[in-house]
Amino acid sequence: MSIELDIYTGMLTYKETEFSFIFDGEELRLTPPKDKHHEVHMWFMKPLGKDAYTFGDPVYIEDDYLIGMCNENCQKIIFLPKNKNIRSYNSVLSVQIEAYIVQVHEREWIDRLGFMSQEIDCIFPPNQALDSTEWLENGVMFIKTKGFNNTTSHSQSFFVDGKTVSVYFGVSRTSSGKIGKPPLELHSEMFFEFDKTNDYAFVLRLWRIAKSFVQYLCYRKNVDLSSVEVSAPYGEGKHEKFATLYIVSKKIDNEPEILEKKRYINHEKISGAEGKILNDIAANKIYLRHIPETYRTGRSIDAARFVMITATFEWTFKKNYPNGITKKPATVKAEALATETLNGLVDKSKGKLKEIYRFLRNLIGSNSLQTEIEQMGKDYADIVDLFGKRLYSINKETLKYNEMGLRLSQQRNNFAHGNLDKEFIGLALLDLVYLEYIIYAMQLKEYGVETLSIQRAINDLFGCSIAI
C-alpha cells in the first residue's frame, strides 16, 4: 500500500490554473505560476471604483475535493477539505484538509473500506485465525491458520443516505521476508462494502459512522481509525486494495492499558446486532454525546457530564417506550379531565396567562425522570439488578429505584437550572454510575442482544468483576 509521508509536494489543477502544492498532513498550500499571481490575487478582491479594490467576501472552494499528483511517488492524491474556506497569503492559497486519499493504482470506483486499529483487534481477536501451532526439535515450528470462511463474521446490513452498506469482520494475514518485519502478522479488520461509488463525501461519512461504532463499543472517543484501506471492484465479488484514506486528526492517547483490561464489548456479544446499531448511528437515532473523551475522564463526573448522562437515559427511554408509560385507568381519566379544563382556560385567557395555561397543559401526561427510572427498574430488573445490588451493597446502601430516580431528578435539575446554592446529593453520583450500565442494557436489549450477552458486555465494559 501507499507510504505515509511527512510532507507531500506536487501539482494540482484548480479553476483551470495549475498550482504547485505542499501538504504537511493538515494544511494544503497552493502556489500559482508567476503569470497567474495577479489573477489569483483578484479572487479575493472587491472593486470599489476605478483601479480601487478592497478585500471582498470570503472565498470558498467550488469543488468537493481536489486531485493532485505527488512528486515523491508519482501517485495521485485526493484532498477532502475540512471546510471550503480559502485563505490567501500573497497569492499563495491555504486550505485546511480533513482527509486525503493516496492511490497506489489509479482506479475509478470505490466499493469497500477496511478499518484496522488496536480496538478492532480486541473487538474481533485475530488469534482466532490460528488453527494449530506445533513445536518440533531443533527450533522447528509449524503454524497453521484457518481459512477465511472460518475467520469472517456473518455480514449485516445497514443504510446510509438510502444506500445499503454491508458490515463484517475478518482477519487479514500478512507475510514478509524483510528484516525488521515479523514473518507473519495477523490483524483484524472491520469491512464496509457498498455499491461502487466515486462520491468521496459518502466515503468520509462511512468513516465517521465506523468511528462512532467503535467508540460505542469502547465507551470512549479516543479510538484510532486514522488510516483506512480503500478497495475497488475486482472481478466477480472480489476487491482490490488500491489506496489508503488518511484522516487528519490530533495525536490520540490510545490508553492501551484500558484495552489490556478488556474495557470494551467484543464482537461475540453483539453478533447479529451490528447492522442495527450502525443503522441507528447513521440515522442519528442513538444518543452518543455522553461518551467520554477518554476512559480516564469518564471516571470523573462534572455537572455537564451529569446532565448528559441523564439526558441519554431519557432519550433511550423515549425510544424504547414510544407510547410512554402504561398508566392506570384512573390516572388516564384524571389527565383527560385536567387537559379539558386547561383547554377551556386557554381559550378564555389572553397574553401571559394564556401562555402559562398552555405550559401547564403540555406538562400533563409527561413522564418525570423519576417515574421513568421506576418503570425501567420493573422491566429490566432481570438484566441489571445484579449490577445495581452489588454496586450499592459495596457502598453500604440499598438499591431502591424510586429513591434513585428522585435523587437523580433533583440533582439533574439543580445542575440544569443553576441552583448552585443547593447541596450536592452524594448518593446521586452512585446512581449516575449505575445509570451508565442501565443505558447500555436498554440499548442492547432493543437491538435484540440476549440477556446473558448484555450482562457480559456490561461486565467487561465497566470492569464490574462479577462472575456471570
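Student: How many helices and strands does the protein have?
Tutor: 15 helices and 18 strands. Helices (H or I, at least four residues) and strands (E, at least two) are DSSP runs, numbered from the N terminus. This is a predicted model; local features need pLDDT of at least 70, side-chain atom pairs count only at pLDDT 80 or more, and totals for chains, interfaces and linings use all residues. Residues are numbered from 1 along each chain as its sequence is written, and side-chain values use heavy atoms, leaving out hydrogens and water.

Student: What does the C-alpha trace span?
Tutor: About 90 × 80 × 45 Å along its principal axes.

Student: What percentage of the residues count as buried?
Tutor: 44% of the 468 residues. Buried means under 20% relative accessible area, with a 1.4 Å probe and protein chains only.

Student: Which residues have the most contacts inside the largest nonpolar core?
Tutor: Phe115, Met190, Phe192, Phe313, Met404 and Tyr434, in a core of 97 residues. Helix H3 (residues 200–218) gives the largest share, 13 residues. A nonpolar core is a set of buried Ala, Val, Leu, Ile, Met, Phe, Trp, Tyr and Cys residues joined through side-chain atoms within 4.5 Å.

Student: And what does Phe313 touch?
Tutor: Leu369, Glu372, Ile373, Met376, Leu435, Ile438, Ile439 and Met442, not counting residues up to four places away in sequence. Contact means heavy atoms within 4.5 Å.

Student: Which residues belong to the other core?
Tutor: Among them are Ile77, Leu93, Ile97 and Val102; that core has 23 residues and lies apart from the largest one.

Student: Switching topic: what share of the contacts joins residues 24 or more positions apart?
Tutor: 65% of the contacts with a separation of 6 or more.

Conventions. Buried < 20%, exposed > 50% of the residue type's maximum accessible area, 1.4 Å probe, protein only.
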